Amino acid sequence: MTAKATLTSRAANHSLLGSLRVPGDKSMSHRAVMFSSLAEGTSHVTGLLEGEDVMATLAAFRAMGVTAEGPDNGALTVHGVGMNGLQAPESDLDMGNSGTAMRLMAGILAAQRFASKLIGDESLTKRPMRRVTVPLTSMGARCATDDNGCPPIHIRGVEKLEPITYKLPMASAQIKSAVLLAGLYADGETSVTEPAPTRDHTERMLKAYGYQCQSEKVSDTVTTIRVKGGGKLTATDIDIPADISSAAFFMVAASIVPGSRLLLEHVCVNPTRTGIIDILKAMGADIKLINPRAVGGEPVADIQVSYVGLKGCEIDPELVPLAIDEFPVICIAAACAEGQTTVSGAEELRHKESDRISAMVEGMRAIGVDVEERRDGMLITGGKIAGGTVESYHDHRIAMSFAIAGAVSENGVLINGAETVATSFPNFVELANAAGLSIDD
Ligand code: S3P
């Protein structure tokens, strides 16, 4: 099941029909491991994503004395050590490719009495980390990045943290979460104000583990979230639904491969994550949410996607944080749509697992798409996809997006650097081929 370094994706064998369930939500899986580890008692997690990113988080807690059985087919049992029960790790904590793991762990570790060092792979070592060390330092944490603002993050122990009132400089759930997690250890109330809605899994899951966390809308878009330090997390059982960010590849595939009608089962449709649905609908996609229900404090539904010719559109910049991880595959939808699509207000894409604006522009040009790069987005003119060879820059979502492009290409798409698909979607190739795509690894 481990993805290979090179993928070749050819025209789909047939329309995408039937139903499939993609793996568990990555953001929720990280948080379930973190909160279960810090809780009092034993938590049972089901639906956990067994991707490399989440495994890095789990390995870090095991290295700090947490015992856990699994994961086995998405089931993980974690024996929590309580808020103050972590032990100093004997070596550096390797967060692999995962920005979420590094930034959220920084929030937790900055509040511990012991020292630690967070390291990552080549891609993570190029990503900006002062966005978390700056607010953490203002809480009294002793943590620092390398001189270039990137990992490793060096953390020294502290006795206690001070609460802060923090205005996020950008709409980022990772920074919000890092500050809130440190706030659980601060002496008083920490508040974080986000300029626009970002995924709220931290807030929802804190409540599921019995920790009070208040969100107050300041205006239509601005929200302030508050936590008081000194509380405790109580073990719980948590069922993690499928990841809309993984389902997105199939939502686009079914929208562009003629005759498709695909049901994506049990997907988390938290409104802070459904920008992909709004954007595809704005392009004319036929998407229906079926059997909406609540699972563990999160809205869940089956998503039915039927083929329809897409039309280009001007993507509302307000939707950017609500679809931040889906832009690579949205670019592929735009490349297949009639007319032009503009992406703007999306400069943050340059700071993901790769510079996703330049990686997508370069790759789309290589397969015959007409695209203009802009500082904060791009202009894509839809048309035919000829095919060719693309670099994914070892970015899982770039690799999977071009695999979807291959499904409607004339000559196939060869993708280099695709081994990182295993970070978020270990069985991508298997599920894609079962649905009707034609991908060789
Ligand atoms: C995530 C937040 C987002 C997203 C990432 C997961 C999270 O990052 O891109 O894949 O789980 O909090 P930012 O907060 O940096 O936008």
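Modeller: In this predicted model, R397 forms a salt bridge with D325, and the closest N and O atoms are 4.0 Å apart. R397 lies in helix 11 (residues 396-406), while D325 sits in the loop between strand 17 (298-306) and helix 9 (327-336), so the pair ties together parts that are 72 residues apart in sequence. R397 and D325 are both buried. Salt bridges with shared partners also place these two residues in one network, joined with R127, R199, E353, R356 and D395.

Another pair is D243 and R273, whose closest N and O atoms are 2.9 Å apart in their salt bridge. Here D243 belongs to the loop between strand 14 (237-239) and helix 7 (244-256), and R273 to the loop between strand 15 (261-268) and helix 8 (275-282), so this contact ties together parts 30 residues apart in sequence. D243 has a relative accessible area of 2%, and therefore counts as buried under the 20% cut-off. R273 is likewise buried, with 2% relative accessibility.

K176 and E194 also form a salt bridge, with 3.1 Å between the closest N and O atoms. This one links distant parts of the chain: K176 is in helix 5 (residues 173-183) and E194 in strand 11 (residues 189-194), 18 residues apart. Both K176 and E194 are buried.

As for the total, the model has 29 salt bridges.

How values were computed
Residues numbered from 1 in each chain as written. Predicted model: local features only at pLDDT ≥ 70, side-chain atom pairs only at ≥ 80, totals over all residues. Heavy atoms only, no water. Salt bridge = Lys/Arg side-chain N within 4 Å of Asp/Glu carboxyl O. Helix = DSSP H or I, 4+ residues; strand = E, 2+ residues; numbered from the N terminus. Buried < 20%, exposed > 50% of the residue type's maximum accessible area, 1.4 Å probe, protein only.
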